[in-house]
Amino acid sequence: MSDAAPPVLISESEIAARVEELARQISADYQDKGDLVLIGVLKGAFIFLADLSRQLTIPRTIEFIAVSSYENSSVSSGAVRLVMDVRGNIEGRHVLIVEDIVDTGRTLEYLIGMLESHGPASIRTCALLHKPGSTEVEVDINYVGFGIGGEWVVGYGLDYAEHNRTLPYIGKVKPSD
Ligand code: PRP
């Protein structure tokens, strides 16, 4: 597959408006709680995390974690693999996991369990995109940007076989492309 522009599912301006709303809501919810640790899930969340974090009006720090499950395939293998753990200490701190997309829910379920073992004060979750029709394990997503259907999506951090991550909008591709 090339980086030819796929059709738009969610435009750049729709994303910007929703990210602003999410940032406002998160800032209000954590107003009196002290530092918030944002944990971006690599690779897909890097752009969403960058935009969201810069719009928050509360004290925050940034961490990254890397997991892999799809391994260049459009079908989840079901097994989540930790590729890189957080660097900072999250014990006693409020944590917000930032994901680009929640599909089956397996990655988020794994991350919540794994991060809970570090003893944070709280863990909440934020995903730009959610595919409710693909749920295999129920996980709480506290902040959701957009609910979408079963289509494979790219752009704004999301890839198809590593292509199109830097597309400024969310586009649709078929796995057969
Ligand atoms: C994607 C996405 C989520 C996960 C969601 O990651 O970024 O982390 O899949 O799927 P799930 O709800 O079915 O677990 P991917 O493994 O494609 O890695 P990437 O972020 O590096 O592209």
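## Chain and ligand shell

The chain has a radius of gyration of 16 Å, which agrees with the value near 16 Å for a compact globule of 177 residues; the radius is taken over C-alpha atoms, and the globule rule is 2.2 Å times the number of residues to the power 0.38. This is a predicted model, in which local features need pLDDT of at least 70 and side-chain atom pairs count only at pLDDT 80 or more, while totals for chains, interfaces and linings use all residues. Residues are numbered from 1 along each chain as its sequence is written, and side-chain values use heavy atoms, with hydrogens and water left out.

Of the 177 residues, 47% count as buried, that is, under 20% relative accessible area with a 1.4 Å probe and protein chains only.

Around the ligand there are 16 residues, of which Glu99, Asp100, Thr104, Gly105 and Thr107 come nearest; a residue is near the ligand if one of its heavy atoms lies within 4 Å of it.

| Residue | Protein atom | Distance to a ligand oxygen atom |
|---|---|---|
| Gly44 | backbone N or O | 2.9 Å |
| Glu99 | polar side-chain atom | 2.7 Å |
| Gly105 | backbone N or O | 2.8 Å |

The protein covers 91% of the 500 Å² of accessible area that the ligand has on its own, as given by the Shrake-Rupley method with a 1.4 Å probe.

Definitions and conventions
Polar contact = N/O pair within 3.5 Å; in protein donor to acceptor, adjacent residues only side chain to side chain. Buried < 20%, exposed > 50% of the residue type's maximum accessible area, 1.4 Å probe, protein only.
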